[in-house]
Amino acid sequence: MAQRKTAKRTRPPLRKPVSRAPSWLPRELKEHLLPAAATIGVIALLVVAFLAYRYLTTPAPPVISATSASLVISTITSLPATELEQVGAGSANNLIKKVSGTPLTGPGGKPEVFYLGAEYCPYCAAERWPMIIALSRFGAFSGLQTTTSSSTDIYPNTPTFTFRGATFTSDYIDFESVETTDRNQNALQTPTSQQQALVSKYDTSNSIPFVDFGNRYAFAGAMYTPDTLGGMSWQQVADALQQPGSTQAKAILGSANLITAAVCALTGQQPAAVCSGPAIQSIEARL
Amino acid sequence: MTARSDRVLLVAAAAAALGGLAISAYLTVVHYAALPLVCTTTGVISCERVLGSPYSVIAGSGLPTSAAGIVWFSASAVLAGLQLARVPSPRLARWHLLWSVVGLGTVMFLVFVEIVQLGAICIWCTSAHALVVMTFLITVTRVQSATAATGD
């Protein structure tokens, strides 16, 4: 029995033990590198799976005709005041902070609202909806164009508008905007040295969007998550905004009311039809 | 595996830990001091997009994720250092492997966040991730060698 065991041990292997490893590798490495090689293989497979998942779950950019875009803009800039009052602050996250500094006035000598953002930025995409709704209560935009946030950033292809090429006229405020890059992060507009000074002073987190209300109030970031608009077209958002109970209305109209309240503080509560509403007054008292 | 090869692997693990510690410390200082980050911000590679995202802080706290990196690389450096200072211990080697598994799991989650959730890669983070993977490969190779040697 013992002899049989000894004979078994000394029998040469039927085939080379590590036939698939390169012949130039030392035998020691061939034997010990297998778990490491398997780990690298698994990591590579996982990375490929993540890339594939990302590719398959990224929504395609929505498409809209010029006529439909005009209709959407017309809808969101003429929402009834009663609906805005009904929503109040909604589900918006109040990011507006009181700041101090020399009152900021615009080219027309009126209190200035300054916006800094970028077209690729999904948070800017989300915040432009309430900005447009709120500012339209104090004046009128022209030349607004639709766009989407970057396809490759977080919350890809969020439907929105751009302030690039748009003009705003108002009896109460001046509005200045800077969109630093397009949705592919190509450079577009550069803030002036005065605008950059405002950003350096009040936007210490370097976040965009950044909005300065006449150096009296300012905020950076979006007041609701861009996910709220995920996979929606402009028309679907506009339709949802006409339903005060919708998630989108609570987020966007709530944000618009916060912005409206900050602007009312700049304009001395003008126009009264906008600023005297109980919801705006209540929000303004809490700013 | 010879004692010399094992020592070379341990030195490499210690170097990876120190390198990762330096990167994590840099990212943590940038976070708290609000300093501009040395990194490209165009295209898919964008540290700003990653480090400005909600995932850049540990959920439910204001602590930057890089602070966890400091803890992980410090512990890895201590484990490698202890094994270099003493006669290599199989128990310490297994603890080092276990710690590497924790690190590797976290890295895979963060890579998932970068690719799937954010669609952006932070080159500093990726360097730190590579050092964690390198540490895992070293520890798994050492434990595998030790197991094979015991089996012999």
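1. Q269(A) sits in the loop that runs between α9 and α10 of chain A. This is a predicted model, and in it Q269(A) has a positive phi of about 65° although the residue is not a glycine. Most residues other than glycine have a negative phi, and most peptide bonds are trans. Q269(A) has 14 C-beta neighbours inside 10 Å and therefore counts as partly exposed. The loop between α9 and α10 of chain A also holds P271(A). The peptide bond that joins Q270(A) to P271(A) is cis, with omega about -10°.

2. N215(A) lies in the loop between β8 and β9 of chain A, and its phi is near 65°, a positive value in a residue other than glycine. Is N215(A) buried or exposed? With 20 other C-beta atoms within 10 Å, N215(A) is buried. A cis peptide bond, with omega about 5°, joins I208(A) and P209(A). P209(A) belongs to the loop between α7 and β8 of chain A.

3. Strand β8 (residues 210-213) and strand β9 (residues 217-220) of chain A run antiparallel and are joined by four bridges. One such pairing sets D212(A) against A218(A) in β9(A). Both strands belong to an open sheet of five, in the order β1-β9-β8-β2-β7 of chain A, with mixed pairing. The edges are β1 (97-98) and β7 (174-179) of chain A, each of which pairs on one side only. Helix α7 (residues 193-202) of chain A packs on this sheet and touches β2 (112-117), β7, β8 and β9 of chain A. The direction of α7 makes about 80° with that of β2(A).

4. A further pairing in chain A involves β3 and β6. Strand β3 (residues 139-142) of chain A pairs with β6(A) in the antiparallel sense, over four bridges. A140(A) has T169(A) in β6(A) as its bridge partner. In a regular strand the side chains alternate between the two faces of the sheet. For β6 (residues 167-170) of chain A, F168(A) and S170(A) form the covered face, while T167(A) and T169(A) form the uncovered one.

5. How do α9 and α11 of chain A pack? Helix α9 (residues 247-267) and helix α11 (residues 278-286) of chain A meet at an angle of about 75°, and their axes are 9 Å apart. α9(A) and α11(A) are therefore roughly perpendicular to each other. On the α9(A) side the contact is made by N257(A), L258(A), T260(A), A261(A), C264(A) and A265(A). On the α11(A) side it is made by A279(A), I280(A), I283(A) and E284(A). By class, the residues of this contact are seven nonpolar, two polar and one charged.

6. G88(A) touches residues named in the previous point. G88(A) is in the loop between α5 (81-87) and β1 of chain A. Leaving out residues up to four places away in sequence, G88(A) touches G254(A), N257(A) and A279(A). G88(A) and K250(A) are 162 residues apart in sequence, yet their C-alpha atoms are 8.2 Å apart. With 19 other C-beta atoms within 10 Å, G88(A) is partly exposed; the cut-off for buried is 20 or more.

7. The largest nonpolar core has 70 residues, and V113(A), I133(A), I252(A), A262(A) and V263(A) touch the most other members. α9(A) gives the most to this core, with 13 residues. Apart from its neighbours within four places in sequence, I252(A) is in contact with W129(A), P130(A), I133(A), Y224(A) and L241(A). A second, separate core of 35 residues includes A80(B), C122(B), L137(B) and V140(B).

8. Some totals for the two chains follow. Chain A has eleven helices and nine strands, and 41% of its 287 residues are buried. Chain B has five helices and zero strands; of its 152 residues, 38% count as buried. Among contacts with a separation of 6 or more, residues 24 or more positions apart account for 73% in chain A and 76% in chain B.

9. Last, the interface. In it, 22 residues of chain A are in contact with 24 residues of chain B. On the chain A side, the elements that give two or more residues are α2 (27-32) and α3 (34-57). α3(A) gives the most, with ten residues. By class, the chain A side has eleven nonpolar, seven polar and four charged residues.

Note on methods
Residues numbered from 1 in each chain as written. Chains lettered and ligands numbered in written order. Contact = placed C-beta atoms within 7 Å. Nonpolar A, V, L, I, M, F, W, Y, C, P; charged D, E, K, R; others polar. Axes fitted to C-alpha atoms, helices over the stretch in contact; angles between N-to-C directions. Parallel < 35°, antiparallel > 145°, perpendicular 65-115°, else oblique. Buried ≥ 20, exposed ≤ 12 C-beta atoms within 10 Å, placed from the backbone. Pairing = 2+ DSSP bridges. Core = buried A, V, L, I, M, F, W, Y, C linked by C-beta atoms within 7 Å.
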